[in-house]
Protein chains: 2
Amino acid sequence: MPSATFFNLPDDKRQRILDCALEEFARNDFDSASISQIVAQAGIAKGSLYQYFEDKTDLYRYLLELAIQKKREMMSAVPTADGQTFFEMLRSMFGALAQYELLYPKLARVGYRAVYGKSPLPEEMLRLARRSTQDYFALLIEQARQRGEIRADVDVAAGAYLFTAVLTQLGSYLAERIGMSADEIAATGSYPLHEAQVQAQFNQMIDLLESGLGTPRKD
Amino acid sequence: MPSATFFNLPDDKRQRILDCALEEFARNDFDSASISQIVAQAGIAKGSLYQYFEDKTDLYRYLLELAIQKKREMMSAVPTADGQTFFEMLRSMFGALAQYELLYPKLARVGYRAVYGKSPLPEEMLRLARRSTQDYFALLIEQARQRGEIRADVDVAAGAYLFTAVLTQLGSYLAERIGMSADEIAATGSYPLHEAQVQAQFNQMIDLLESGLGTPRKD
DNA sequence: CGGTCATATGACCGACCAGTCACATTATAA
DNA sequence: TTATAATGTGACTGGTCGGTCATATGACCG
């Protein structure tokens with residue numbers, strides 16, 4: 001955890017440090033990320049950073065917390081009507097996740113690295129994180145299947161895997177499709193000119209997940 | 001490219017060096033991967049390795065070549081009957097890819113890192129590699145659509161993305177489902193007891209891609 | 001035996017790393 | 001003003017890194 005000193009910092013300075021740290025950890029592995037680079041970029045002395053954070057891992061964990069917090073925040077902002085079908089809800093979730101990934105690409109990247117790359121976190125925790133998304137989807141699918149919205153013969157785990165696979169790469173796909181680099185989007189702070197495009201893209205994607213690519217079988 | 005000296009090495013020694021290098025580059029980023037670790041593990045002097053390879057990048061590129069070569073080899077071994085439908089062909093491709101990923105997890109991991117992680121390769125080349133798989137699928141989908149095997153209203157690019165997303169994580173999913181770690185499978189050299197299971201898994205997956213998860217619409 | 005050539009070796013180099021600490025600077029209070 | 005506490009600083013340490021090179025080893029040949 002950061003020290004009290006860190007939170008007493010002027011807002012702009014604190015933010016500058018976090019930005020530089022995020023940049024470095026988004027661009028590099030935990031091992032490759034360089035504290036020396038971060039302080040040089042932020043224009044502070046190395047000793048200062050070690051007054052704010054215990055060590056490299058402490059800083060890294062704090063960034064991860066920010067990522068998780070921001071993601072939760074955006075996911076919990078999805079509107080949930082009561083009579084919603086499974087695929088309608090999925091659409092909302094994809095939307096929220098797309099916003100998160102497009103607006104905070106560095107946070108998203110750090111989070112991704114933490115789960116799928118190397119990180120100083122205990123392996124047990126990583127396995128749990130990896131599983132949690134899939135387990136969550138598995139639950140949703142199971143429920144929807146019992147309501148009859150989903151074919152009775154689908155393998156729940158396979159479906160859950162399908163969703164997570166699509167989600168983990170959704171951000172880069174969308175960025176590519178709307179022709180803006182992730183950095184541009186983050187710089188703009190929003191993508192108002194493109195929201196309709198983005199919406200159309202993952203509507204299409206969910207349609208594929210719901211109905212498949214094949215021509216309807218006549219059996 | 002490795003020097004002639006490297007190819008003159010006794011087979012077992014050469015293989016040991018490659019194994020250790022693969023292990024290191026599979027486990028680490030290009031930057032984090034350590035030549036010192038590799039030579040220590042392989043039991044050779046550092047100077048020796050630099051007689052075989054020009055530098056770290058040279059060694060890395062050679063490993064990548066091996067990965068590409070092995071993948072091509074396994075993909076081109078898929079049986080292709082003439083009257084095959086799109087989804088039948090897809091099944092064959094998934095099968096070949098699953099074998100590659102399960103039998104050579106380290107090669108697969110190095111290849112994955114090269115495309116999606118950091119690597120010393122020119123950015124242009126990486127972008128091309130990233131696109132090539134998607135473009136390939138886009139072509140297949142377009143052709144299948146013209147033959148009427150695929151719904152006329154699917155977005156070709158979205159479909160291609162869907163396939164690549166599923167494929168890039170297929171290996172780890174399968175390994176998890178059949179309850180063997182990737183290392184165990186590689187150690188065994190095959191997974192004879194599980195082939196039926198594996199087959200069933202990606203049949204299920206392709207079925208989802210073809211028909212979707214949703215209950216058939218009655219329109 | 002000596003001579004020649006391919007190969008093996010590990011001490012060594014400069015660069016960079018995470019992290020420390022004695023000291024300098026600034027803010028606060030008396 | 002001075003005393004005290006909080007914050008800022010960057011040279012320094014011990015270590016690892018990729019890469020080099022003078023030297024050692026061994027194989028083959030005459």
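Buried means under 20% relative accessible area, exposed means over 50%, and partly exposed lies in between, computed with a 1.4 Å probe on the protein chains only. This is a predicted model, in which local features need pLDDT of at least 70 and side-chain atom pairs count only at pLDDT 80 or more, while totals for chains, interfaces and linings use all residues. Residues are numbered from 1 along each chain as its sequence is written, chains are lettered from A and ligands numbered from 1 in the order in which they are written, and side-chain values use heavy atoms, with hydrogens and water left out.

View 1. A salt bridge is a side-chain nitrogen of Lys or Arg within 4 Å of a carboxyl oxygen of Asp or Glu. Here A:Arg151 pairs with B:Asp207, and their closest N and O atoms are 2.6 Å apart. The pair joins two chains, because A:Arg151 sits in the loop between α8 (123–146) and α9 (156–168) of chain A and B:Asp207 in helix α12 (residues 195–211) of chain B. Helices are DSSP runs of H or I with at least four residues, numbered from the N terminus. A:Arg151 has a relative accessible area of 10% and is buried; B:Asp207, at 18%, is buried too.

**View 2. Salt bridges within a chain.** Over all chains, the structure holds 29 salt bridges. One of them joins the side chains of A:Arg147 and A:Glu149, at 2.9 Å from N to O. A:Glu149 has 19% relative accessibility and therefore counts as buried. In chain B, the side chains of B:Glu124 and B:Arg127 meet at 3.9 Å, N to O. These two residues are three apart in helix α8 (residues 123–146) of chain B, so about one helical turn separates them. B:Glu124 is partly exposed at 47% relative accessibility, and B:Arg127 is partly exposed at 46%. A:Glu23, A:Arg27 and A:Lys106 form a linked network of salt bridges.

View 3. A nonpolar core is a set of buried Ala, Val, Leu, Ile, Met, Phe, Trp, Tyr and Cys residues joined through side-chain atoms within 4.5 Å. The largest one has 72 residues, and A:Phe86, A:Phe94, B:Phe86 and B:Phe94 touch the most other members. Leaving out residues up to four places away in sequence, A:Phe86 is in contact (heavy atoms within 4.5 Å) with residues including A:Leu140, A:Ile141 and A:Phe163. Helix α6 (residues 86–103) of chain B has 18 residues. Of these, 14 are buried, so α6(B) is largely enclosed by the rest of the structure.

**View 4. The surroundings of DNA strand D.** A residue is near the strand if one of its heavy atoms lies within 4 Å of it. DNA strand D is surrounded by 19 residues, and A:Gly47, A:Tyr52, B:Ala33, B:Tyr50 and B:Lys56 are the closest. Polar contacts here are pairs of N or O atoms within 3.5 Å. A polar side-chain atom of A:Tyr52 is 2.9 Å from a phosphate oxygen of DNA strand D, and one of B:Lys46 is 2.9 Å from a base nitrogen.

Key: The expected span of a helix is 1.5 Å times one less than its number of residues. A polar contact is a pair of N or O atoms within 3.5 Å; within protein, one must be able to donate a hydrogen and the other to accept it, and residues adjacent in sequence count only if both atoms are side-chain atoms.
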